[in-house]
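Please read these notes with the sequence and the model open beside them. They are meant for someone coming to this structure for the first time.

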Amino acid sequence: MVKARPAAGGGRWVEISPERIRGWLDGFYSRHDGATEQGLVLTGVSNGDTATLYPPPGLADAKDVDTLLARIIRPPRIAVLLARKGAVAAGVADGTTITVSKVERFYVQGRTAAGGSSQQRYARRRANQAQAATQRAADIAAQIMLPHAPGVIADPHDAVSALVCGGDRSMIDAVLTDRRLSPLALLRHPHLLESAEPRLAVLEDAAVTARRIRVHLMP
């Protein structure tokens, strides 16, 4: 599957599933009368267009195209954390299969148009509810993902190699300040997935999305 969108600063982002990346690379070479490779950057011969490949989570050590193509055949185990004010979903994925997961919804009161002391009271209540939701999300993340973190799981070969996050960045950041989750926070992938309200189907889709190779095309 190939998805494209404009990139800030110019060019566009393309997301390509591992099953299609070889065909996509062949197409890039064909369209540009060949290309030179420098690490993960391809430069078209005909016009100098570039394609910079970004490995999926867990494959950061793939520093050239050949290594990347060899490594994506067997995708690494990853942890996935999706969070918004009203819900959290945490899971561990082997390839595109979620092997363990938990989804929970929270009640966080919406904003009110009331003024004066009523507005302040609602704001305090909302803040308390949001704090409780963040704490519960951290508890769920610790319960589901932490047992699979490096240094925690007995067999290092079974440990997750990356943490993929999606949804509300501020809530994700708050959840990961929990000291229990520091082994996972160290594995956090910089790209934040777009996510609908977390639920099991959304978590399963996120595991698929996380495997895609991101390519920045210029121009």
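**Notes on the predicted model**

1. Four strands make up an open sheet, in the order 8-7-6-9, with mixed pairing. Strand 8 and strand 9 are at the edges and have a single partner strand each, so one side of each lacks a neighbour in the sheet. From one strand to the next, the twist averages 15 degrees. All of this is read from a predicted model, as are the points below.

2. Strand 6 with strand 9. These two strands pair in the parallel sense, over 5 bridges. To find the pairing in the viewer, look for leucine 81, which stands opposite cysteine 165 in strand 9.

3. Helix 6. Which residues of helix 6 are buried? In this helix, which covers residues 200-210, they are Val202, Leu203, Ala206, Ala207 and Ala210. Viewed down the helix axis, the buried residues fall within an arc of 145 degrees, so they line one face of helix 6. What do these buried residues pack against? Their partners are strand 6 (77-84), strand 7 (87-94), strand 8 (97-105) and strand 9 (163-167). Those four strands are the ones in the sheet order 8-7-6-9.

4. The aromatic pair in helix 1. The structure holds 2 aromatic pairs. One of them joins tryptophan 24 and phenylalanine 28; this pair is stacked, at 5.8 Å centre to centre and with 25 degrees between the planes. Both residues belong to helix 1 (residues 21-31), where they are 4 residues apart, about one turn of the helix. Are they buried or exposed? Tryptophan 24 has a relative accessible area of 12% and is therefore buried, the cut-off being under 20%. Phenylalanine 28, at 2%, is buried as well.

5. A charge over a ring. Another tryptophan to inspect is tryptophan 13. The charged end of arginine 214 sits over the ring of tryptophan 13, at 4.1 Å from the ring's centre.

6. Aspartate 178. Where does aspartate 178 lie? Its place is the loop between helix 4 (169-175) and helix 5 (182-185). Although in a loop, aspartate 178 counts as buried because its relative accessibility is 15%. Which residues is aspartate 178 in contact with, once neighbours within four places in sequence are left aside? They are Gln135 and Ala138.

Definitions and conventions:
Residues numbered from 1 in each chain as written. Predicted model: local features only at pLDDT ≥ 70, side-chain atom pairs only at ≥ 80, totals over all residues. Heavy atoms only, no water. Buried < 20%, exposed > 50% of the residue type's maximum accessible area, 1.4 Å probe, protein only. Arc of directions from axis to C-beta. Contact = heavy atoms within 4.5 Å. Pairing = 2+ DSSP bridges. Axes fitted to C-alpha atoms, helices over the stretch in contact; angles between N-to-C directions. Phe/Tyr/Trp six-rings, centres within 6.5 Å; stacked < 30°, edge-to-face > 60°. Lys NZ or Arg CZ within 6 Å of the ring centre and 35° of its normal.
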